[in-house]
Amino acid sequence: IEVPVPERGPASYVDSVCTLCPGGCGISVRKIGDRAVKIEGKAGHPVNNDGVCALGLSGLQLLYGPWRVTGPKKKENGRWKKISWDRALSEIAEKLNELREAGKADAIAGISRTGRGTVARLMQRLLAAAGSPHFLPVPTNENAYSDAVARMFGKPGTVGFDFENSGYVLSFAAGLLDGWGSPVHMFSAHSQWKTNGVKMVQVESRLSSTAAKADQWVAVKPGTEADLALGLAHVILRDNLNAGAAANSRAFDSFAALVKKDYTPARVAAATGIKESVIVALAKEFAAASHPVAVCGRGDGQTPCDSREVMAVTALNALVGSVNRQGGMIIGPEPDYIQWARPVLDDTAQKGLAKGPKTLADLLAGKTPDVQALFVLEANPAYTLHDTTKVKAALEAVPLVVSLSSFMDETSALADYILPLPTCLERTEDVVVTAGLKTPMIGLTQPVVEPRLDTRHPGDVILDLAKAMGGTVAESFAWSDYQDCLEKTFGLVYGKLATEGYLQKSVLETLIDTAVAVGRADFAPVVEADKKVRQNTPALVLAAYDAMRVAGGAIATPPYAMKIVPDTILKKNDLYVEINPETAQKAGLADGKAAVVETPAGTAQVRVRVTHEVAPGMVAMPRGFGHTAYDDYVSGKGVNVNDLIGPVPDPVSGLDTAWGAPAKLIKA
Amino acid sequence: MKHNQQGTPRKYGMVIDLDKCTGCGSCMVACMSENNVPFKKDETDKLKSITWMRVYKLTNGKPFPDTEVCYLPRPCMHCEGDHGHSPCVSVCPATATDYDHTSGIVSQIYTRCFGCRYCMAACPYHARYFNWFDPIWPDGMKEALSPNVSVRMRGVVEKCSFCYHRYQLAMEKAYVEERDTLEEEEYQTACTQACPSGAIIFGDLNNPDHAVHQIVQPDPAHHGRPKNPNAFRLLERLGTNPKVYYMSSREWVRKSGDNYLATEKPGAPESH
């Protein structure tokens, strides 16, 4: 075999934004001639200043890898056939128009990896113009936070954190150093805490990287984070540690009565497994610290927390006055720069829209789903949604699934059409970055290299589809192409965005001295959520965890990142779950032995890693393995934890808040 | 061009703050991407997996919930030994690895290496890797190879070079600009640049203006042993005189940097 000699050429750098996670890092890509050879962090960028994560650094493997879809494809009798763009779009348009004519406009739906930015909003607009209210961005913990904030503060908002100025950080299982928020930004905040002696406390049942770096690891029993938060609230109120700061808030008395009665240190100690003395000490430290902040969002925060947990943790911030204050939790307005004229709606569209939006779970429930045509925009529901077996069956029952994706992922694999997209390194697009930042940002990706394959920009795919559908749908899209739409959306500031790569308007500066802007907290929803959501933790629970070296979302882990997964997690194709020695003894399992994990959703073959790094009663399984699509570099390795976890809709927020499932561990 | 601003030879080294390192693995991937390191479909056999930079996980060995872990990134230590007699250089029969007295970098010359692997046996840090296989890139992926670093063939040993090609590029630029000196930021390794935590600091240990020197405070009377009480080197007592230093505020971490008797305190014995 001949060893390649890479071609020489002039070196240059092109700046862009990484979109592989919601973090929005600025990147600087080194090029030799017209080849991209290295992704680096952009120096001086407000999000990441030089730093990059392992996934971002592997980005060129996604650009140049063999898992790209090379051109539009259509499935015929279970086989992929090449098809031209015009033909694919006109066939899809025809089917959409058939549904419209049959009065089934609301049988069209779209799942999107995000609800923000011009591309997602164009998809939403296409659906609306056709008559479908079912635009479904994949929810994250940001949605859980927005829901909680809307209930407690009476205003919808985007939640961020002024971590750089926090004086004490109390995290309830938020993987602040395991991919939470904007990961690279969190790493630099953590380094700042170390330099400045800011204490960080991690409440979590597993010694994650975040817990390992914390000054104190509070190893609660799995699923009892909210109990601990309310226990701390009890001590703060009992000992008047906040000097009555929240006493004027709405429904404060009923909240005080609840935590005084149900969350005494003794009861919380019994529930969480944390000593009373530790609970009291934590409450005192938190209340006494200057600029303390409490935060939640399991692991990387891509799964919503239940409303009880989010509200309990938000209540802690409200109790000590850490909402919209320096170093605290920042509730800001939703970045809203897209001001388009309303789409043109004909009778069909108006009738369809009047039916109101449904959740994805509702749409896909039953053997004959309510959806007849489904667009999937850079999401991978067949891999990332809970109980994938059911999700896949539901997707297969939908007569027309159109995947807009760069990759042959699990969802593309079972679609009827794949409309391949250029990757973020090959296209221009606005990216809205909130991701726990105190100041939201709008970034702009730039084409670092010319599109390599027969792909089309998702914005242009949507515009072309609208044109092919004709009538009022086409009339709703008055732009000549996506670039025209993008430039007109930003108007005069587009030049600044294109030159600087990002726009940022400080929310904090405008809010900090006007803390009243969000009003006082209403504690009634906290009491309500506590009543509705409280549940018993099973004796043994399978819990998913996130780690920086594995991509757990729609984007699969590229080979370089896969290469740095430790052999204590993956050995050949065997995935290891972590269990405490006590759990191992009960199950009669020794370190390294094969076992079967059984949950209501399914069973899986695994091996066990017996370790003191997890609490008893927990089977910890990493997210991001068990891909069945892509190719041998990525697929067939381990188990997809989402196969084993069924959805748990939150009775308050309606979001799927599953983080684990009751499990059995059986000797194989 | 052989000297720094102080007129002494350059001696590049690193200090890694283990209090800041989160074990995220960015340094490992930055290194692979910068240096054209190959990858296979299965990389779970770590004895056959090439990682110039490798992050280890240490534990204090205490039971739940008093367990603590610490991550430790391990590049090549670029041992100076006793005046350049680093363990690997001393044993190489092919002069394929060499100690550069003008930069302090231990090189690896692939075209000279014939794969005897003496150097791997000699290296106490497992920093050297053997190419057991032909490097194969999947379709399209050769596009991302950098011409600044040669691609290695099966049968040779490779290791971290402190991104020597970046040093060469910086030196060439200085030469063109008719400068004798390099600024601290002009030459940084890929791992240092990528580290999201700022845990890796790289520079000239002989230059009092450089952060590495100021943090480590190397003691010239004791082969560069750190005067900073939180700093330590791996296997200090072997006398390999490594140029990679670590820092930790935790004693058990400092202690795991070397082999100690149960009764001993971390740090090299005074007689060294």
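User: How many residue pairs are in polar contact across the interface of chain B and chain A?

Analyst: The rule finds 30 residue pairs, both residues at pLDDT 80 or more. A polar contact is a pair of N or O atoms within 3.5 Å; within protein, one must be able to donate a hydrogen and the other to accept it, and residues adjacent in sequence count only if both atoms are side-chain atoms. On the chain B side, H1(B) gives the most, with seven residues.

Before going on, the ground rules. This is a predicted model, in which local features need pLDDT of at least 70, side-chain atom pairs count only at pLDDT 80 or more, and totals for chains, interfaces and linings use all residues. Residues are numbered from 1 along each chain as its sequence is written, chains are lettered from A and ligands numbered from 1 in the order in which they are written, and side-chain values use heavy atoms, with hydrogens and water left out.

User: Why is the pair A:Lys38 and B:Glu34 called a salt bridge?

Analyst: A salt bridge needs a side-chain nitrogen of Lys or Arg within 4 Å of a carboxyl oxygen of Asp or Glu. The closest N and O atoms of A:Lys38 and B:Glu34 are 2.8 Å apart, so the pair qualifies. The count between chain B and chain A is five salt bridges.

User: What area do chain B and chain A bury between them?

Analyst: About 5,200 Å², with 59% of it on carbon and sulfur atoms. Buried area is the accessible area (1.4 Å probe) that two parts lose on being put together, summed over both. In chain B, B:Lys41, B:Phe64 and B:Pro147 lose the most area to chain A, together 14% of what that side buries.

User: What makes E8 and E11 of chain B edge strands?

Analyst: The open sheet runs E8-E1-E12-E11 in chain B, with mixed pairing. Strands E8 (200-204) and E11 (231-232) each have a single partner strand, so one side of each lacks a neighbour in the sheet. Two strands pair if DSSP finds at least two bridges between them. E1 and E12 of chain B have four bridges, in the parallel sense, so they pair.

User: How do you know that A:Asp346 is in polar contact with A:Thr472?

Analyst: Their side chains make that contact at 3.2 Å, and the limit is 3.5 Å. Leaving aside neighbours within four places in sequence, A:Asp346 is in contact (heavy atoms within 4.5 Å) with A:Arg100 and A:Thr472.

Key:
Helix = DSSP H or I, 4+ residues; strand = E, 2+ residues; numbered from the N terminus.
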